[in-house]
Amino acid sequence: MKTSLFALAATLVLAMPAHAEEAAPSDGAEITVLATGSALSLDQTGQAISVVPLQTIEAVQGVDITRVLERVPGLTYSRTGGLGAQTAVRLRGGEGQHTLVLVDGVRVEDPSAPSGGFDFGTLTSGGIERIEVLRGSNSVIWGSSAIGGVIAVTTREIDGAEASAEAGSRGSYDAEAVAGVKRDRYAFSLGGGYATTDGVSAAANGTERDGYDQWRVGGKGRVNLTDTLSLVASARYADGKTQIDGYDADFNFGDTPEYTTTRQFFGRAGVHYAGGALTLDAGYALSDTRRRYYTGGADDTFEYGYNGRSERVELNGRYALPADFALDFGADREWTRFDSTFDAQQRAHLTSGHAMLGWYGAKASLAGGVRYDEQSQFGSNVSLGANGTVEVLRGLRFNASYGEGFRAPTLYQLLSPDYGNANLNPERSRSYDAGLAYTSADGTFHAGLTLFRRDTRNLITYVSCYMVESALCTGHAYGVYDNVGKARAQGAELEVGATLSPGVKGQIAYAYTEATDRTPGAATFGKDLARRPRHALTTSLDWTTPWAGLALAADIRFQSETFDNAANSIKLSGGSVTTLRASLPILHQAELFGRVENVFDRPLVTAAGYGALGRSVFGGVRLRY
């Protein structure tokens, strides 16, 4: 009942004007690459895409990337402890591994992880300039893993130098720096940072703190060889250590000290051609992740490790056709491999090609495409997709899209000697959405409502062989992966934003997501999928005062109760987290900032049995040159 009353109140509040810094301006100047793989104005696609700019990332403050991402409607996350702990980000009720993640165009999922997803606990907000989020299946353009959506992260490219440092609760400290030069013919940027915290106990019943520290370095560059041809490159390396709690001799989860290390390298080098009607991007991308697990205490003993690596060559392009038509196309080949302390090296390759034909008029757009994938282990897959938008009144657009998604089984799921199943099929989805979006002529008001539904089948699930008598378990002492599941996610997303008065802006993002198990005959049929809150609401109010540019702001994040297991027998309480922020510019080249997170000290637990952050206070300074 409390949840229903809150949902009603939230709906009424959402009718109020608020301002979304991510909202596309009325002239269509906001650009995305997620719709087609090429640069496209947001008002020329019918797909649901949010853009989080540098202005918002800096205003939110801090290294915790989830505090930025939760401003996107339909996005939730679960984390097994404090900063740096395993973090799964979900779009529209999908699994964490159903979200494809790109960093400067590089696919960064870990081929050695059982699920193959990306751990957002390893990504901090430092050095990030822009985040794009596509909500809905889009494997036509992006291939495997784009069942729930796509998140694309772009790192900084600046002309000058910038540095920042902050310190706060639990021995937390963060330092960031970036410098670069940007000219018409070339651009180079180099940045890095270090973050550390004593954290909170990973186990909810623990007493000692489990800390986290990470250092990173990265850079990107561009050289224009001619007016139409450029060389481009980017690279990022991160080395992190996360303390965790393990199990004692009696298998009790608690204060048993352990820790993991994660080393990641992402890089891409290529060429960009833009000549007349034709645009081409060709490149080679590399993603390498190495994870190590240690027992802590005096022994500090290495236990086991995993290595995952993917290499990719790709060609993507756009050809502008007469009468406002355009053809987006691409082809790529990816090689993946993994090994571990327990598994010999396994390899696979994936060859793909896609094409999307679109008509992009001044008042309406329509596009449709197809993709073909051939994987060395499971065979072929075909994906279809289409979307459209039309301006029905000045500033009011109707958007709709249909997308198919697929996710290839991971090498671990296919080929692990103990748990693998070489007969796995890819997971598949069909996604539909439709909605209205309005932006005022002066860009000070934006509102959008989207209804969505996604059906997913062939879900890959770990099947325990202790209690099951099946030919599938032959040769597997403990368990095996199999295609046994179906799921449905449906709901609504609402964004409203406006400039309330000079210097006062607000933003509200709300999503209702009903994600349920639809596996015929299963005991869990009709039950909510684990860790998917039905209601998620983020509100923000920013005020730039008339006194020396002092900025004051407040954020509130609310999530309804949910469950932590498929049987819906373990409940996670919902709740809200309030954050207060402030910043003050000094002489145009410096800024003081600070915030209080979780003002009312009510930890919002997103994974049963794990700890969560309480009240935290931070302060820092940013310098620009």
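Student: Is Glu95 buried, exposed or partly exposed, and how do I read that?

Tutor: Keep in mind that this is a predicted model. The general idea is that under 20% relative accessible area means buried and over 50% means exposed, with partly exposed in between. Glu95 comes out at 26% relative accessibility, so it counts as partly exposed.

Student: Which side chain does Glu95 meet in a salt bridge?

Tutor: Its partner is Arg532, at 3.0 Å from N to O. The two come from distant parts of the chain, 437 residues apart: Glu95 sits in the loop between β5 and β6, while Arg532 sits in the loop between β26 (504-517) and β27 (535-544). Arg532 has 6% relative accessibility, so that end of the pair is buried.

Student: What does Arg92 pair with?

Tutor: Glu493 is the partner, and the closest N and O atoms are 2.8 Å apart. Glu493 has a relative accessible area of 1%, so it is buried. Arg92 is also at 1%, so it counts as buried too.

Student: How many residues apart are Arg318 and Asp328?

Tutor: Ten residues, with Arg318 in strand β17 (residues 302-320) and Asp328 in strand β18 (residues 325-340). Their side chains form a salt bridge at 2.9 Å, N to O. Arg318 is at 15% relative accessibility, so it falls on the buried side of the 20% cut-off. Asp328 has a relative accessible area of 0%, so it is buried as well.

Student: How many salt bridges are there by this rule?

Tutor: The rule asks for a Lys or Arg side-chain nitrogen within 4 Å of an Asp or Glu carboxyl oxygen. The count comes to 49. Some residues join up in a network: Arg107, Glu109, Arg268, Arg312, Glu314, Asp332, Glu334, Arg371 and Asp373.

Student: Now for the nonpolar side: which residues make the surface patch of about 600 Å²?

Tutor: Look for Tyr319, Leu321, Phe325, Leu327, Leu357, Trp359 and Leu366. Strands β18 and β19 (346-360) each supply at least two residues of the patch.

Student: Where does Leu321 lie?

Tutor: Leu321 is in the loop between β17 and β18. A patch residue needs over 30% relative accessible area. Leu321 has 32%, so it is partly exposed.

Conventions:
Residues are numbered from 1 along each chain as its sequence is written. This is a predicted model: local features need pLDDT of at least 70, side-chain atom pairs count only at pLDDT 80 or more; totals for chains, interfaces and linings use all residues. Side-chain values use heavy atoms; hydrogens and water are left out. Buried means under 20% relative accessible area, exposed over 50%, partly exposed in between (1.4 Å probe, protein chains only). Helices (H or I, at least four residues) and strands (E, at least two) are DSSP runs, numbered from the N terminus. Patches are made of residues with over 30% relative accessible area and no salt bridge: like charges are joined within 9 Å, nonpolar side chains (Val, Leu, Ile, Met, Phe, Trp, Tyr) within 5 Å. Accessible areas come from the Shrake-Rupley method with a 1.4 Å probe; for residues, only the protein chains shown count as cover.
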